[in-house]
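Subject: Structure for your review

Dear colleague,

Please find below the sequence and the structure that I am handing over to you. I would be grateful if you kept both open while you read the notes that follow.

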Amino acid sequence: MWNRPRFDLKVRLTLRVAAISAACFAAISAYFLITADRAAHARLDDIAAIVAKTLELQQGKIQWVASPRSDFPNLDPVSAYVMTPGLCLAFRGVSGDILQRFCSGAPIPANPPPQAFAAFYRSLFDPGREAARPVIVRGTKLGETVVSLDPAVQTADAWHEAGRLMLALAIALPLLCVLVYAALARALRPTRMIRSGLERIAANDLSTRLPPFDLAELSAIRNVFNHLAESLDTALAERSELTRKLIALQDEERRHLARELHDEFGQSLAAIRALASSARQTAVQDCPSLLGECDGIARTATGMMETLRGALFRLRPPDVEELGLVASLEGLVAGWNGRSRGQTRFSIRFDGAFATLPATISASLYRIVQEALTNAAKHAGATRVSLELAMRADEIALAIDDDGRSNDPVAKSGMGLLGMRERVAALRGQLSFEAAPNGGSALRVVIPLAGVDRQPLERAA
């Protein structure tokens, strides 16, 4: 899909103001050129009228004095008053012949107009057009006066007027752009706060609030932003509280199930093992052929007890409540190293003091580590798993790295990762699970400690 280039809002608005200003200057320049052309033709018409009136008076004087000598037409008296550079005065007889003509020389302009402007001006205004007025005496047309202006002079005058406007545009337009950009930058300065607030909201900092703004539009955005942040904060707090209650209920159900399994199922398996042992002693004396079946029953009961012991360990880890988080995690890692028989090497490192960590956070961290180690060893097939737990001033950070299969679907989207996300979300923390740059997977958990009552853990009696 084709994407349009993105421009800064200040630059875009400044360019639009510059374009509008340039268009306004162009319109003003066109207006001045049109006005100047009309004024030039009006002046030629006036000169033609004056010359025609002068010639009519000359002819009337000749007829009044009945002078046989006629010097009509005589343009000398009037030319001394109306002649300007590039102006031509002429008298055209009735036959169409020019009987007399006076032209003043056109000076060479110091800054001649460009050829493009001259061609453009000639195509629009037709410089050099003649102005004619008839000379009529006693109802008889004797001819007409013709007044014209050198096209080069008229074009040079127009370029002089347009050049002043273009100079004004060249000075005013950049200055206007700078002023507009500075004004927009000042007016849009609050958008940086809005952007920063949105970035903090995206980083799950829902305590962010925007200050009041002077502009009504930005104030409306601020009101919506703050309302949205408050709503999200309330919704997340309610969700976290509900998640904590569900997790607590789940842990309680696990403890209850663990007690039931230990008290009922465990006792039944112990009874089966005792009966198998008693039956074996009887079979040794009375029926040796039953020794194999008795040993099989004992082995099956022993295997079931080992399975039950592992299930009880996963359902209710007693070490967190009895020994604390550090000792519990060290025991968990040692247990995994013992059960993996060298196939997977687990290591753990602590940074900080964790004795005052709340019980809810300790239990959640233990469960997260427990599930992460299970995913790395069983699903990702890792041969090396390293854990690092660091206590900082306002947060606790957990990092778990392994060299297993980072694209394993069970490890990335299974119920274990979902459970870890729920526990982290209940503590208002952040969790990320991504592929490591050098292969394997990297799990990162950050849990804030702001506002947490860090009391020592209760020891089980």
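How many salt bridges does the structure hold? There are 7 salt bridges in the structure. Please bear in mind throughout that this is a predicted model.

**Salt bridges**

Arginine 392 is partly exposed, its relative accessible area being 44%.

The side chains of aspartate 401 and arginine 444 also form a salt bridge, with 3.0 Å from N to O. Aspartate 401 sits in strand β7 (residues 395-402) and arginine 444 in strand β9 (residues 441-448), so this pair ties together parts that are 43 residues apart in sequence. Both residues are partly exposed: the relative accessible area is 21% for aspartate 401 and 33% for arginine 444.

Elsewhere, Arg92, Glu130 and Glu144 are linked in a network of salt bridges.

**The sheet of four strands**

In what order do the 4 strands of this open sheet lie? The order is β2-β1-β4-β3, and the pairing is antiparallel. At the edges are β2 (98-103) and β3 (131-137), each of which pairs on one side only. From one strand to the next, the twist averages 15 degrees.

Within this sheet, strand β1 (residues 87-93) is paired with strand β4 (residues 140-149) in the antiparallel sense over 7 bridges. Glycine 93 stands opposite glycine 143 in β4. Strand β1 also pairs with β2, again in the antiparallel sense, over 5 bridges. Here cysteine 88 has cysteine 103 in β2 as its bridge partner. Strands β1 and β2 form a hairpin with 4 residues between them, and glycine 96 in the turn has a positive phi of about 100 degrees.

**The sheet of five strands**

Another open sheet is formed by 5 strands in the order β5-β6-β7-β9-β8, with mixed pairing. The strands β5 and β8 (430-435) stand at the edges with a single partner strand each, so one side of each is left without a neighbour in the sheet. In this sheet the twist averages 10 degrees from one strand to the next.

Strands β5 and β6 run parallel and are joined by 7 bridges. Among the residues involved, isoleucine 348 has leucine 387 in β6 as its bridge partner.

**Regions recorded in UniProt**

The remaining notes set entries from a record beside the model. UniProt, in an unreviewed entry, places the feature "transmembrane region" at residues 13-34 and 165-185. In the model, residues 13-34 are 100% helix and 0% strand, with end C-alpha atoms 31 Å apart. Residues 165-185 are likewise 100% helix and 0% strand, and their end C-alpha atoms are 29 Å apart.

The unreviewed UniProt entry also lists "domain: HAMP" at residues 185-237. That span is 72% helix and 0% strand in the model, and its end C-alpha atoms lie 38 Å apart.

With kind regards

Conventions. Residues numbered from 1 in each chain as written. Predicted model: local features only at pLDDT ≥ 70, side-chain atom pairs only at ≥ 80, totals over all residues. Heavy atoms only, no water. UniProt positions renumbered as here; feature names shortened; annotations may be inferred. Helix = DSSP H or I, 4+ residues; strand = E, 2+ residues; numbered from the N terminus. Salt bridge = Lys/Arg side-chain N within 4 Å of Asp/Glu carboxyl O. Buried < 20%, exposed > 50% of the residue type's maximum accessible area, 1.4 Å probe, protein only. Pairing = 2+ DSSP bridges. Axes fitted to C-alpha atoms, helices over the stretch in contact; angles between N-to-C directions.
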